[in-house]
Amino acid sequence: MTMPAVVLTAHGRIALQDRPRPTLRPDQVLVEVDLCGICGSDLHASQLPQVYRGDCILGHESTGRVAAVGDDVADWAAGQRVAVNPNGNVDGTCVYCRAGRPNFCRQATLETALGLQADGALAPLMSAFPGHLRRIPDELGTLEAAWVEPTATALRAVELAGELAGRTVLVTGGGPIGQLACRLAHLRSPAQILLMEPAAQRAQFATDSHAVSIAADAAEDYARGLEVDVVLECSGSAAATSTALKLLTPGGILVVVGAGPDPALDSATILLKEITVRGSYIYTDEFDRAIHLLATQQIAVADLTTAISPLPDALTAFDALRAGQIMKALIAPLLAT
Ligand SMILES: [Zn+2]
């Protein structure tokens, strides 16, 4: 029996292929995938061989229902709704797991990471370890459940920025992570949130994300003496990072959650202004808090969802995302075409 799936091929192409349906292992469950988001890093998967394995099904932002449970798996039953934490199969034995830092666990974040090096959720059916699954409450809609993973990523970045009350926050990059960062920052009563995003299609979400849009070079803002206390760098763009460093106040903090080929982290500026630079890598317990924030509607995501498409339309969605034409595409693998 085969099933359609979106695959990163061994040659680094993204393709729709027929793959064998996963068989149930005694230590795993099978999940029927209701929705799976396409992540910005999926678009560049072939350029990230240290993270993504070729000949693997993509998709790490998913929600679905337990379809079958292996004989050795306790506490799970068919039909239960889940949000899937792709990095959630924490082995608990490595030095990072034991230190409560599972986002550095090699097994969890690479070897068993769904949609990276283990087959992911851009397919109707996915194998997962129980450690990947989080139960979700009835009040969390399926659409919102598909946003748990990116919300957790943005939440960690916002929390690593420290106190935001009364501060001026600049978010660089207005894709899904940037918009979520604005919305999560807003919950912490900042004085102002500024969003720097060159693509009009994405910048137009600023108001709904409680932010004021500023120009990509921020020339006017710089000229009028604008200073920001915190930057959440969500673009991976060298130009944005460079502008952000200029706008940061002495003693300010730059949280890096986007990555690009040219980092533009100017050491002289960092030194002269005593800027704190912090990386933010995936999430740990932020995943569970993201479920709560979405279930209690403290964070809205429906308006950020551009389209829900069946699996064969995923390749078109990849192209539209690469061109920056849409905000977020969710794929519904069980949706009939
Ligand atoms: Zn570990």
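Q: Which residue in β5 does C36 stand opposite?
A: In this predicted model, C36 faces S62 of β5.

Q: And how many bridges hold β3 and β5 together?
A: Eight bridges link β3 (residues 29-37) with β5 (residues 61-69), and the pairing is antiparallel.

Q: What about β5 and β6, parallel or antiparallel?
A: Antiparallel, with four bridges joining β5 to β6 (residues 81-84).

Q: OK, switching to the open sheet. What's the strand order?
A: The order is β2-β1-β4, three strands with antiparallel pairing. β2 (14-20) and β4 (56-57) are the edges, each pairing on one side only.

Q: Which residue is the bridge partner of L8 in β4?
A: That's C56. β1 (residues 2-8) and β4 are joined by two bridges.

Q: Which helix packs on that sheet?
A: α12 (residues 314-322) does, touching β1 and β2, and its direction makes about 150° with that of β2.

Q: Now the helices. How do α5 and α11 cross?
A: The axes of α5 (residues 148-160) and α11 (residues 286-295) come within 8 Å and cross at roughly 110°. Angles of 65 to 115 degrees count as roughly perpendicular, so that's what α5 and α11 are to each other.

Q: Who makes the contact there?
A: From α5, residues including V148, L155 and R156; from α11, F287, R289 and I291 are among them.

Q: How do those contact residues divide up, nonpolar or charged?
A: Some of each: eight are nonpolar, five charged and one polar.

How values were computed:
Residues numbered from 1 in each chain as written. Predicted model: local features only at pLDDT ≥ 70, side-chain atom pairs only at ≥ 80, totals over all residues. Heavy atoms only, no water. Axes fitted to C-alpha atoms, helices over the stretch in contact; angles between N-to-C directions. Parallel < 35°, antiparallel > 145°, perpendicular 65-115°, else oblique. Contact = heavy atoms within 4.5 Å. Nonpolar A, V, L, I, M, F, W, Y, C, P; charged D, E, K, R; others polar. Pairing = 2+ DSSP bridges.
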